[in-house]
Amino acid sequence: MGEIVQMQFSTVDYVIFALLLVASAGIGLFYAFSGGRQRTTQEFLMADRSMSCLPVSLSLLATFQSAVAILGAPSEVYTFGTQYWFLGCSYFLGLLIPAHIFIPIFYRLRLSSAYEYLELRFNKTVRICGTATFIFQMVIYMGVVLYAPALALNVVTGFDLWGAVLAMGLVCTLYTALGGLKAVMWTDVFQTVVMFVGQLAVIIVGASQAGGIGEVWRKATNGSRISGLDLNPDPLERHTFWTLGVGGVFLMLALYGVNQAQVQRYLSARSEKEAVMSCYVVFPCQQIVLCLGCLMGLVMFARYGEDSPLDKGYVKTNDQMVLYFVMDVFRDLPGLPGLFVACLFSGALSTISSAFNSLATVTMEDLIKPYFPNMTEAKATLMSKGLALAYGLVCLAMAYIASLMGSVLQAAFSIFGMVGGPLLGLFCLGIFFPWANSIGALVGLFTGLAMAFWIGIGSFVMRMSASTAAPLLNTTALPLFGNMTTAVMTTLVKPRPTGLEALYSLSYMWYSAHNSTTVVVVGLIVSFLTGPMKEKELTPGTVFPVMGTLLFFLPERYREKLCCVTPLTPKPKEISTQPYLMAKKDSNGAAHCKDDSVAEDKEKVSDRTQTQDEDLGIKIALSSSPPTSQTVQETSL
């Protein structure tokens, strides 16, 4: 084994890297001192719900396209081939379902926090449990996503480790705490462009040095790195079409359907149509990102073949191998290594800033505002900025803890992936199954989390003990696209596992599907045992009427008993938001809100009958609505 090879940054590289940090901070400062100057929580946390399709879609893309994915996808393809590319098949349903089910529900309810939905659909306890689960996963993940690229940079180039961590953490905290969601989203746009340019530069220069794309493809084919369609249905197989194309759908739903960081971006769009369009725009962008990662992996293989820098001992892990390759390719091209490192750290900055902002939002909306309803707007805004700042400091502390973890870094990634599935299951339980009640939701969530940690930790311990028993095995960290999880795999042919070992050997791509299904099944069973919810107890607009469509063959009286005839709330331009706003004011129970809204509707009908004047009804609705509903135009009503 050779020694770790360190390559040096030139002055130009340092300048380019510094420019990235200065530009990101500059965007944050611009939004701190322009426009509304982040004086309201609506502007700071929701960008005044005024964002257009382009920044929303690019921010959606950047949020989970972090440095770990930029480092991980090429090394995955280099080591195991292009089977990973079939993950792209999951993007279609993974983005179509959020666009037409989750976005309409969240947007029409005028939420600020995704977990606000859980209180409207179930109760306050479910909301707090959902919020706490989200905070747990994001706090753990922030430190890892900050520390991992800094460590890779330090090992390969000698770039000061804690200098990089502090520079990223502080700049990110600065522009997030000062500029709010607008600053986060526009820096995401800038950082996405830098990511694309950095990856393209590596592919173009690397392919030309290898003799062109044709030669890269020929070497990859000869080296068995171009994978065919693997239709093996075995869920224990790490990557097949089914694990990537079907299991990936659940992962995408956990990311793009119910994760607060993404939901917040949908809700910041100026209209529901723009929010849906942003989902459609993300689809081709995700495909491009996936193709760039795969191409970079193939170019790496064309350069090194089977004789990888990892095998030679030039680097310690797969993640560092990509950075070593970049420094090797750009050895005689000063400035380009700095561009790729800027690309790498853009990924980290976009993910961390989104985490800060979404954490500040859920903490403010779910844990503070409900208990201090009379807090002034100025004080709430100041507290939101303080929360973003505090989470920035927590992130730096988590990066230090990550540095002490060593091999437990893989466990931290797995924990993040394992928590997403149960949260997805909790939202699906509320949205698709009208008879699910709050007891079923809580028991389902905790059962799903227990199952997730049991399988995830059991799998990690089993593989760690296997690698300890056989130290010569090739143990590799495999980051999943969207940087959600990492599996630790040992490349050894062995008989098919049975019993608990089979459960622990489940492909990490099925974690989200398995855990979310557990929540739904347990939640429904417990709901039926404890008394399912009735139609009149549901808050209007919290259930998507898919069950009514699927059970169309039943007579309506049976569908009513099964609570399957609740319609989706019409678009905001078609109705007043008054019933929902009343539900938000009174958190004592959904049934009370429902009755109030029905009573109001009757009063409105009688008013119209007596006066034959629709304008009067409109004025009454507008005058009784709080400030947040003033975005609904009188003409649209």
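## Packing of helices α15 and α16

Helices α15 and α16 are roughly antiparallel to each other, because angles over 145 degrees, on a scale from 0 to 180 between N-to-C directions, count as such. In this predicted model, α15 (residues 318-329) and α16 (residues 336-368) pack at an angle of about 155°, with their axes 9 Å apart. These axes are lines fitted to C-alpha atoms over the stretch in contact, and helices are DSSP runs (H or I, at least four residues) numbered from the N terminus.

Val322, Leu323, Val326 and Met327 in α15 meet Pro337, Phe340, Val341 and Leu344 in α16, where contact means heavy atoms within 4.5 Å. The residues of this contact comprise eight nonpolar, no polar and no charged.

## Nonpolar cores

A nonpolar core is a set of buried Ala, Val, Leu, Ile, Met, Phe, Trp, Tyr and Cys residues joined through side-chain atoms within 4.5 Å. Buried means under 20% relative accessible area (1.4 Å probe, protein chains only). The largest such core has 172 residues, and Phe106, Tyr117, Phe325, Phe340 and Phe345 have the most contacts inside it. Helix α8 (residues 161-210) supplies its largest share, 18 residues. Apart from this core lies another, of five residues, including Leu58 and Val189.

## Helix α11

Helix α11 (residues 247-256) is largely enclosed by the rest of the structure, because nine of its ten residues are buried. Among them are Gly247, Val249, Met252 and Tyr256.

## Basis of the values

Residues are numbered from 1 along each chain as its sequence is written, and side-chain values use heavy atoms, with hydrogens and water left out. Local features need pLDDT of at least 70 and side-chain atom pairs count only at pLDDT 80 or more, whereas totals for chains, interfaces and linings use all residues.

Notes. Buried < 20%, exposed > 50% of the residue type's maximum accessible area, 1.4 Å probe, protein only. Helix = DSSP H or I, 4+ residues; strand = E, 2+ residues; numbered from the N terminus. Parallel < 35°, antiparallel > 145°, perpendicular 65-115°, else oblique. Nonpolar A, V, L, I, M, F, W, Y, C, P; charged D, E, K, R; others polar.
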